[in-house]
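User: I would like to go through the terms used for this model one by one, with each value set against its cut-off.

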Amino acid sequence: MAAPAPLSPLAPKKYPALPPIGGVRFATVAAGVRYAGRTDVMMALFDEPAAVAGVFTRSKCPSAPVDWCRAQLKGGKARALIVNSGNANAFTGHAGITAVELVAEAAAKTIGATPNEIFMASTGVIGEPLDGSRIARVLGELASGAKADRLMDAAKAIMTTDTYPKIATARVKLGEADVTINGIAKGAGMIAPDMATMLSYVFTDAPIASGALQTMLSKSVERSFNAITVDSDTSTSDTLMIFATGAAKGARPVEDAADPRAAAFRRALDKLLRNLAQQVVRDGEGARKFVEVNVEGAATRKAAKRIAMSIANSPLVKTACAGEDANWGRVVMAVGKAGEKAERDKLDIWFGKIRVAHQGLRDPAYDEAAASAYMKRDTIAITADLGIGRGRATVWTCDLTKEYVAINGDYRS
């Protein structure tokens, strides 16, 4: 495997402090799943059963842990989350299922739970058998060493080609009570909606029932992790889960996502997930530019989203961004190929606040020097206004560089 990539130039300059959340503790260990000399397994251990919700990849070739988690969500309760990096346990046949069951049973025995209260995820190489015993034999060490203030360590343990850990936090009112939301994510390549190889875990001390959490999460993901793309490839392992311990003092339980007391929580969750999703894009393999794509004036919101993704996924658009080339013709191409209603002679295109095309022609006031100067920024906004409706959407992507090819050319070997 290639040496770790240097820190992304788009990485955060500083990280927020992650306040401990009552009812959940974290631990990490180097189990030797694939990497040598680094932590590669994390555990989140819940003192009492936590409410849980999740959304997963829409890939028709999901990993064994994804199948396991989907099945266990029906119970709505979690006692532990175990995640390993280095091996995706995907496309591994019956051996993959056996590995998941081995770890679940061992974890349940270790912490005094049932296997259906254990949730798991794996990320890394596809098609390589996972030795579940490597994880099972460190569970005792993880459980005994778990501490409330080790979420950052957990974020680092699940990294693969990531160059930095992704974390976010929020403090918000639930009714009259203060509650905390913390989140972590990993992902840098094989990132595209449905979901975008990405794992993300959110923890809160809010007393919110699993059904309400599921409604909130399923809606929020469409504006966050399902609105990003690095390379248009949907992973076998994509997982986003939220766990609510209910340990916040003075907070009354929320059973329905529409409960007015949960409005601020819903907004905070939206913002936190969008933050994490954008951090994934900023750490896109080889990325040097963060690109926001806005589509306005489309026939419908669904059409706007599809057109935005057509632009964001275009290798020609992405390489133009990498080369700092104000090539708006490639945006025209991407709009036209999206398969949604568009009228050439109503199309306007902007790079930032610079209108480069107007009503199907190069803008009369187009300034090549100004557009080229704008493209040198590390954050670029591309806007396409179709002028035919009220549909709008925003998605986020990054540029496509030589480093992306280098990273992925020898990822497995």
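Predicted model: local features only at pLDDT ≥ 70, side-chain atom pairs only at ≥ 80, totals over all residues.

User: Why is H9 called roughly antiparallel to H10?

Analyst: The axes of H9 (315-322) and H10 (328-337) come within 9 Å and cross at roughly 160 degrees. That angle makes H9 roughly antiparallel to H10, because angles under 35 degrees count as roughly parallel, over 145 as roughly antiparallel, 65 to 115 as roughly perpendicular and the rest as oblique. Axes here are lines fitted to C-alpha atoms, for helices over the stretch in contact, and angles run from 0 to 180 degrees between N-to-C directions. Helices themselves are DSSP runs of H or I with at least four residues, strands are runs of E with at least two, and both are numbered from the N terminus.

User: Which residues make the contact of H9 with H10, and how do they divide by class?

Analyst: Leu316, Val317, Thr319 and Ala320 of H9 meet Arg330, Val331, Met333 and Ala334 of H10, where contact means heavy atoms within 4.5 Å. These residues divide into 6 nonpolar, 1 polar and 1 charged, given that Ala, Val, Leu, Ile, Met, Phe, Trp, Tyr, Cys and Pro count as nonpolar, Asp, Glu, Lys and Arg as charged, and the others, Gly among them, as polar.

User: What makes H1 and H2 oblique to each other?

Analyst: The axes of H1 (residues 64-72) and H2 (residues 93-111) come within 9 Å and cross at roughly 55 degrees, and H1 and H2 are therefore oblique to each other. Ala64, Pro65 and Trp68 of H1 make the contact with Gly96, Ile97, Val100, Glu101 and Ala104 of H2.

User: What makes H6 oblique to H7?

Analyst: H6 (residues 210-220) and H7 (residues 263-282) pack at an angle of about 45 degrees, with their axes 10 Å apart; that makes H6 oblique to H7. In this contact, Met216, Leu217 and Ser220 of H6 meet Phe265, Arg266, Leu269, Asp270 and Leu273 of H7, and by class there are 5 nonpolar, 1 polar and 2 charged residues.

User: How do you know that the span of H8 agrees with its number of residues?

Analyst: The expected span is 1.5 Å times one less than the number of residues, so the 13 residues of H8 (residues 301-313) should span 18 Å, and the end C-alpha atoms are 18 Å apart, which agrees. The buried residues of H8, among them Ala303, Ile307 and Ile311, pack against elements including strand S9 (290-298) and strand S13 (379-385).

User: Why is asparagine 89 called buried, and what is its phi?

Analyst: Asparagine 89 has a relative accessible area of 0% and is therefore buried, since buried means under 20% relative accessible area, exposed over 50%, and partly exposed in between (1.4 Å probe, protein chains only). Asparagine 89 lies in the loop between strand S3 (77-87) and H2, and its phi is near 45 degrees, a positive value in a residue other than glycine. Most residues other than glycine have a negative phi.

User: Why does glutamate 324 count as partly exposed?

Analyst: Glutamate 324 counts as partly exposed because its relative accessibility is 28%. Glutamate 324 is placed in the loop between H9 and H10, and has a positive phi of about 55 degrees although it is not a glycine.

Note on methods:
Residues numbered from 1 in each chain as written. Heavy atoms only, no water.
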